Amino acid sequence: LGQTTVTVRQGGREQAAYPVFVSKSQINAILPSTAVAGDAEILINYNGRLGAPARIKVADHNFGTFSTAAG
């Protein structure tokens, strides 16, 4: 997936997330099941370069879908 890694940081603990899609403007990743609900940061490393952390809120569970209109 293009030398891209995604890490979830909660407190002093860091866990790898699982990238499933990477493009120039979007990264889709699955959070590890051991991530706990609450505040966290996402860290993106691309080809050895670490981006600025982004704050996220981990939900206990939350269903979501994505679709496009057929045409």
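**Glu 41 counts as buried, at 19% relative accessibility.** Buried means under 20% relative accessible area, exposed means over 50%, and partly exposed lies in between (1.4 Å probe, protein chains only). The model shown is predicted: local features need pLDDT of at least 70, side-chain atom pairs count only at pLDDT 80 or more, and totals for chains, interfaces and linings use all residues. Residues are numbered from 1 along each chain as its sequence is written, and side-chain values use heavy atoms, with hydrogens and water left out.

**Arg 9 forms a salt bridge with Glu 41, with the closest N and O atoms 3.0 Å apart.** This pair links distant parts of the chain, since Arg 9 is in strand E1 and Glu 41 is in strand E5, 32 residues apart. A salt bridge is a side-chain nitrogen of Lys or Arg within 4 Å of a carboxyl oxygen of Asp or Glu. Strands (E, at least two residues) and helices (H or I, at least four) are DSSP runs, numbered from the N terminus. Glu 14 also forms a salt bridge with Arg 9, and here the closest N and O atoms are 3.1 Å apart. Arg 9 is partly exposed, at 27% relative accessibility, and Glu 14 is partly exposed at 49%.

**Asp 39 and Lys 57 form a salt bridge, with 2.8 Å between the closest N and O atoms.** Asp 39 lies in strand E5 and Lys 57 in strand E7 (residues 54-58), so the pair, 18 residues apart, links distant parts of the chain. Asp 39 counts as partly exposed, with a relative accessibility of 45%. Lys 57 counts as exposed, with a relative accessibility of 62%. The whole structure has four salt bridges.

**Strand E1 is mostly covered, with five of its seven residues buried.** E1 and E5 run antiparallel and are joined by six bridges. Two strands pair if DSSP finds at least two bridges between them. In this pairing Arg 9 stands opposite Glu 41 in E5. E1 is also paired with strand E2 (residues 13-16), again in the antiparallel sense, over four bridges. E1 and E2 form a hairpin with two residues between them, and Gly 11 in the turn has a positive phi of about 65 degrees. In a regular strand the side chains alternate between the two faces of the sheet.

**Val 8 has Gln 15 as its bridge partner in E2.** Contact means heavy atoms within 4.5 Å. Apart from neighbours within four places in sequence, the contacts of Val 8 include Leu 31, Pro 32, Ala 40 and Ile 42. Gln 15, in strand E2, counts as buried because its relative accessibility is 9%. Not counting residues up to four places away in sequence, Gln 15 touches Val 6, Thr 7, Val 8, Gln 10, Pro 32, Thr 34 and Ala 35. From Gln 15 to Pro 32 the distance is 7.2 Å, C-alpha to C-alpha, although they are 17 residues apart in sequence.

**The largest nonpolar core has seven residues: Val 6, Val 8, Ala 17, Ala 35, Ala 40, Ile 42 and Val 58.** Strands E1 (4-10) and E5 (38-46) each supply at least two residues of this core. A nonpolar core is a set of buried Ala, Val, Leu, Ile, Met, Phe, Trp, Tyr and Cys residues joined through side-chain atoms within 4.5 Å.

**Tyr 18, Val 20, Phe 21 and Ile 30 form a nonpolar patch on the surface.** Together they have about 400 Å² of accessible area. Patches are made of residues with over 30% relative accessible area and no salt bridge, where nonpolar side chains (Val, Leu, Ile, Met, Phe, Trp, Tyr) are joined within 5 Å and like charges within 9 Å. Strand E3 (residues 18-22) gives the most to the patch, with three residues. Ile 30 is in strand E4 (residues 27-30) and is partly exposed, with a relative accessible area of 48%.

**The whole chain has seven strands and zero helices.** Of its 71 residues, 20% are buried. The chain exposes about 5600 Å², and carbon and sulfur atoms supply 53% of that area. Accessible areas come from the Shrake-Rupley method with a 1.4 Å probe; for residues, only the protein chains shown count as cover. Among contacts between residues at least 6 apart in sequence, 31% join residues at least 24 apart.
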